[in-house]
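Reader: I have a structure open and would like to talk it through. Could you begin with the fold and then turn to the metal site?

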Amino acid sequence: MKNITLQVEGMSCQHCVHSIEGALLEIGAKGKVDLKNNSVDVSFDENQLTIEIIKETIEDQGYDVM
Ligand SMILES: [Cu+2]
């Protein structure tokens, strides 16, 4: 498993948390949103996913990954 932390803009409430963590779960990654730091910790299997796919998944939910 690989662990990364992404800076994400536009997250403000529990709806955002659920959107992002839910979308990551759907692709088989485990996400943890930190609203205070505007960051998302993500654990994923490098054999299954890439950082690019993780970023696209978050952006598809309407947020900007820095
Ligand atoms: Cu929100």
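**Fold and metal site**

Author: Helix H1 (residues 14-26) lies across E1, E2 and strand E3 (39-44), at about 160° to E2. Axes are lines fitted to C-alpha atoms, for helices over the stretch in contact, with angles from 0 to 180 degrees between N-to-C directions; contact means heavy atoms within 4.5 Å. Helices (H or I, at least four residues) and strands (E, at least two) are DSSP runs, numbered from the N terminus. This is a predicted model, where local features need pLDDT of at least 70, side-chain atom pairs count only at pLDDT 80 or more, and totals for chains, interfaces and linings use all residues. Residues are numbered from 1 along each chain as its sequence is written, and side-chain values use heavy atoms, without hydrogens and water.

Reader: Which elements does H2 touch?

Author: Helix H2 (residues 51-60) packs on the sheet against E1, E3 and E4, and its direction makes about 35° with that of E1.

Reader: In what order do the strands run?

Author: The open sheet has 4 strands in the order E2-E3-E1-E4, with antiparallel pairing (strands pair if DSSP finds at least two bridges between them). E2 (30-34) and E4 (64-65) are at the edges with a single partner strand each, so one side of each has no neighbour in the sheet.

Reader: Now the metal. What coordinates the copper ion?

Author: Cys13 (SG) and Cys16 (SG) do, at 2.1 Å. Donors are N, O and S atoms within 2.8 Å of the metal (3.2 Å for Na, K and Ca); water is not among the atoms, so sites may look incomplete.

Reader: Is cysteine 16 buried or exposed?

Author: Cysteine 16 is buried, at 5% relative accessible area, whereas cysteine 13 is partly exposed, at 34%. Buried means under 20%, exposed over 50%, and partly exposed in between (1.4 Å probe, protein chains only).
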